[in-house]
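Me: I would like to go through this model by question and answer. Please show the sequence and the structure first.

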Amino acid sequence: MIIAERKPIAEIVEMTRDHEKVLVLGCRGCVTVCSAGGDREVEILASLLRLGAKKEGRKLEVQEGSLVRQCDKEYIDSLDSWQDGYDAIVSMACGVGVNFIANLRPSTMVYPGVNTSFFGGSPEQGFWTEQCAGCGNCVLHLTGGLCPVARCAKSLMNGPCGGSQNGKCEIHQEVDCVWQMIHDRLERLGRKEQMLDVAPIRDWRTAGHGGPRKTTRDDLTV
Amino acid sequence: MSDFNPNIRAFCCHYTSQQTCAEGSEGLKQDGFPESVSLFRVPCTGKIQVSTLLQAFEDGADAVYVVGCPAESCHNVKGSQRAAKRVGAVKQALSELDVESERIEMFHLERGFHPEFVAVAQEMDKKIKKLGPSPLKGESA
């Protein structure tokens, strides 16, 4: 899922300072699961915005709402149910949601309520770690299912590098060297000879270096 | 600030607020429990959400505190630890809004009848009288 975390309150207060009616809009997708922008976080942010405005003696009306997803046109269309009830939206979805509102609502001011961080998972409650970089050209079949693009500090395709010491990465003693993990895993799986294959120079165009990406599924379009 | 009578809301779990039940409001008053503190009894402090604590400030509280079981011996195992984390989150939010973070506190007390229950209320009352009204009420803006 996409991992995000709420922006500092002072930053959100500052960006909404000129508005008198704000809609705090959550998303029931990834940001609900990672506790950054679901219904509960909407309630908290709305309360903090009201308190912040009251403290400064500003008039501010805050509405609360959430969409099933903010990354689909059909759900963005349901924003009509709050028609005229706001003059700005603070989206607590990931950056995709903010962009979708901006794309589909040309006259509506929309602000990000969270910082979108990475694609990751939760190994235990309250922790999230990056697992995928969305590079568009998956090599996990070659690396025992562990991603060197997302999890190697240098995104090396042929590792480990000389900075790998005792299974740890040179950037920090708490960071596992994913190439050591790949080696160990391939060995356990009886495929350690795969480590000898030299990966070719990578074409990064699929990773966004060729501009904004898009995919089309002809079978789904009518 | 001497005429300032604070509005303090205390959320207490079923077990740590037994003194309230045993003595009733009149008995507590005789023990020196400050009139500025309103008690809200909950089955477990682990049930209290961040939004509940913020709502208390929205409703005009000058301070809020939570009384739960000792961290390592909560009746519901981790309820009071969860409450302490949520109080910590509100402390952080108050700081970000440039409001004194000591306007919210967490206390871990033993179950049953204990003078500490009254003592923490007095401590909050004294502290908030010194701090003055909450800036979140917007009265000084």
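Me: In which hand does α2(B) cross α3(B)?
Reply: This is a predicted model in which local features need pLDDT of at least 70, side-chain atom pairs count only at pLDDT 80 or more, and totals for chains, interfaces and linings use all residues. Residues are numbered from 1 along each chain as its sequence is written, with chains lettered from A and ligands numbered from 1 in the order in which they are written. Helices (H or I, at least four residues) and strands (E, at least two) are DSSP runs, numbered from the N terminus. A crossing is left-handed if the near helix is turned anticlockwise from the far one by less than a right angle, and right-handed if clockwise; the crossing of α2(B) past α3(B) is right-handed.

Me: How many charged residues are in the contact of α2(B) with α3(B)?
Reply: Two residues are in contact if their C-beta atoms, placed from the backbone, lie within 7 Å. Val50(B), Leu53(B) and Leu54(B) of α2(B) meet Arg86(B), Val87(B), Ala89(B) and Val90(B) of α3(B). Ala, Val, Leu, Ile, Met, Phe, Trp, Tyr, Cys and Pro count as nonpolar, Asp, Glu, Lys and Arg as charged, and the others, Gly among them, as polar. The contact then has six nonpolar residues, no polar ones, and charged residues numbering one.

Me: Which element gives the largest share of the side of chain B that touches chain A?
Reply: The interface puts 15 residues of chain B in contact with 14 residues of chain A. On the chain B side, α2 and α3 are the elements that give two or more residues. By class, that side has nine nonpolar, three polar and three charged residues. The largest share, six residues, is from α2(B).

Me: Which strands of chain B stand at the edges of the sheet?
Reply: Two strands pair if DSSP finds at least two bridges between them. The open sheet of four strands in chain B has parallel pairing and the order β2-β1-β3-β4. A strand with a single partner has one side left without a neighbour in the sheet, so the edges are β2 (37–42) and β4 (104–108) of chain B.

Me: Which residue of β2(B) is the bridge partner of Arg9(B)?
Reply: Strand β1 (residues 8–13) of chain B runs parallel to β2(B), joined by six bridges. The bridge partner of Arg9(B) in β2(B) is Ser38(B).

Me: What is the average twist from one strand to the next in the sheet of chain A?
Reply: Chain A has an open sheet of four strands with parallel pairing, in the order β3-β2-β4-β5. Its edge strands are β3 (61–67) and β5 (110–112), each pairing on one side only. From one strand to the next, the twist averages 25 degrees.

Me: What radius of gyration does chain A have?
Reply: The radius of gyration is taken over C-alpha atoms, and the globule rule is 2.2 Å times the number of residues to the power 0.38. A compact globule of 222 residues would have a value near 17 Å, but chain A has 22 Å.

Notes. Axes are lines fitted to C-alpha atoms, for helices over the stretch in contact, and angles run from 0 to 180 degrees between N-to-C directions.
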